[in-house]
Amino acid sequence: MIHQRMFRLLTAVLLTHTATADEPEEKQFYHGKPVKALLVTGGCCHDYEFQTKALTMASEAKAPIQWTVVNQGGKGTKAEIDLYQDPNWAKGYDVVVHNECFAGTTNVEYIKKITDAHKQGAPAVVIHCAMHTYRKSKDTEWQNFLGVTTKHHDHQSHYPVTTVKKDHPIMKGFPANWKTPKDELYVILDTAKGMSPLATSVSEKDGKVHPVIWVNDFHGTRVFGTTFGHTSETFSDPVFLDLVTRGILWSAGKLEK
Ligand SMILES: [Zn+2]
């Protein structure tokens with residue numbers, strides 16, 4: 001009698017296990033079809049090897065993201081990378097993450113190859129020095145794409161971050177009183193028409209309020225951005241990593257909850 005009951009119990013456990021083995025693993029932020037993400041990184045002034053490892057590992061833990069990483073252009077401030085020579089460079093990806101730093105590159109034709117792919121519908125996430133990349137170019141299409149114009153930053157500090165759009169899906173679970181790890185505050189000089197701030201920080205120098213987390217509508221393409229992300233400490237903070245992961249999923253149209 002006891003044996004029979006044990007056997008039934010064991011069978012039930014095994015059947016349950018078999019039933020779930022074929023299903024995708026339950027992930028906290030999204031557990032549908034895998035998201036194909038391209039990370040473009042490289043350039044000056046930041047530990048992009050560390051940042052890449054931290055972001056890909058943290059995001060894969062919360063959602064089925066399949067990463068392709070392109071780290072080209074070396075560690076200088078100027079480069080025209082091979083990736084963009086192919087006009088179809090963004091094809092096949094659900095989202096492109098820009099975490100690169102080439103402030104001295106000014107070639108308008110080259111920059112157009114990048115913005116054209118996004119104008120044609122490739123969703124994007126833009127992090128930190130992506131906002132200073134191409135800042136010396138005469139053309140402003142990159143800034144229209146980003147949603148913000150910035151040319152310089154304030155000193156490193158622990159900046160308190162105030163959410164201004166609590167109901168936006170990206171900001172769900174974002175702490176009300178988060179202070180950044182040591183990071184730079186980018187001075188925002190102008191914003192694009194389709195840009196909406198999700199959170200702001202205040203300059204310790206002059207008290208001016210700057211958007212630090214936002215979304216942008218670039219010709220109907222979703223763009224998520226944050227100007228934070230200078231240090232390895234920021235890229236080790238779960239609040240920041242969750243924020244960027246949610247931004248990736250939102251841009252790709254996959255944020256379920
Ligand atoms: Zn920086």
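Two strands pair if DSSP finds at least two bridges between them, and helices (H or I, at least four residues) and strands (E, at least two) are DSSP runs numbered from the N terminus. The legends below describe a predicted model, in which local features need pLDDT of at least 70 and side-chain atom pairs count only at pLDDT 80 or more, while totals for chains, interfaces and linings use all residues. Residues are numbered from 1 along each chain as its sequence is written, and side-chain values use heavy atoms, with hydrogens and water left out.

**View 1**

**View 2**
S4 and S10 pair in the parallel sense over four bridges, and alanine 124 stands opposite valine 223 in S10. Alanine 124 of S4 is also the bridge partner of valine 96, in keeping with the three bridges that join strand S3 (residues 95–101) to S4 in a parallel run. Histidine 98 stands opposite valine 126 in S4. Strand S1 (residues 35–43) pairs with S3 in the parallel sense over seven bridges, and here leucine 38 stands opposite valine 96.

**View 1. The two faces of strand S3.**
In a regular strand the side chains alternate between the two faces of the sheet. From S3, Val95, Val97, Asn99 and Cys101 point one way, whereas Val96, His98 and Glu100 point the other way, and all are buried (buried means under 20% relative accessible area, exposed over 50%, and partly exposed in between, with a 1.4 Å probe and protein chains only). Because seven of the seven residues of S3 are buried, this strand is largely enclosed by the rest of the structure.

**View 2. The hairpin of S9 and S10.**
Strand S9 (residues 209–218) is joined to S10 by six bridges, and the two run antiparallel. Phenylalanine 218 stands opposite threonine 221 in S10. S9 and S10 form a hairpin with two residues between them, and histidine 219 in the turn has a positive phi of about 55°. S10 is mostly covered, with five of its six residues buried.

Histidine 128 lies in the loop between strand S4 (124–127) and helix H4 (141–146), and histidine 230 in the loop between strand S10 (221–226) and helix H5 (238–251), so the pair ties together parts that are 102 residues apart in sequence. Histidine 128 counts as buried at 0% relative accessibility, and histidine 230 counts as buried at 17%.

**View 3. The two disulfides.**
A search of the whole structure finds two disulfides, a disulfide being a pair of cysteine sulfur atoms within 2.5 Å. One joins cysteine 44 to cysteine 45 (S to S 1.8 Å), and this link is right-handed, with 55° about the S-S bond. Is each of these cysteines buried or exposed? Cysteine 44 is buried, with a relative accessible area of 11%, whereas cysteine 45 is exposed, with 52%. Another disulfide joins cysteine 101 to cysteine 129 (S to S 2.0 Å). That pair links distant parts of the chain, with cysteine 101 in strand S3 and cysteine 129 in the loop between S4 and H4, 28 residues apart.
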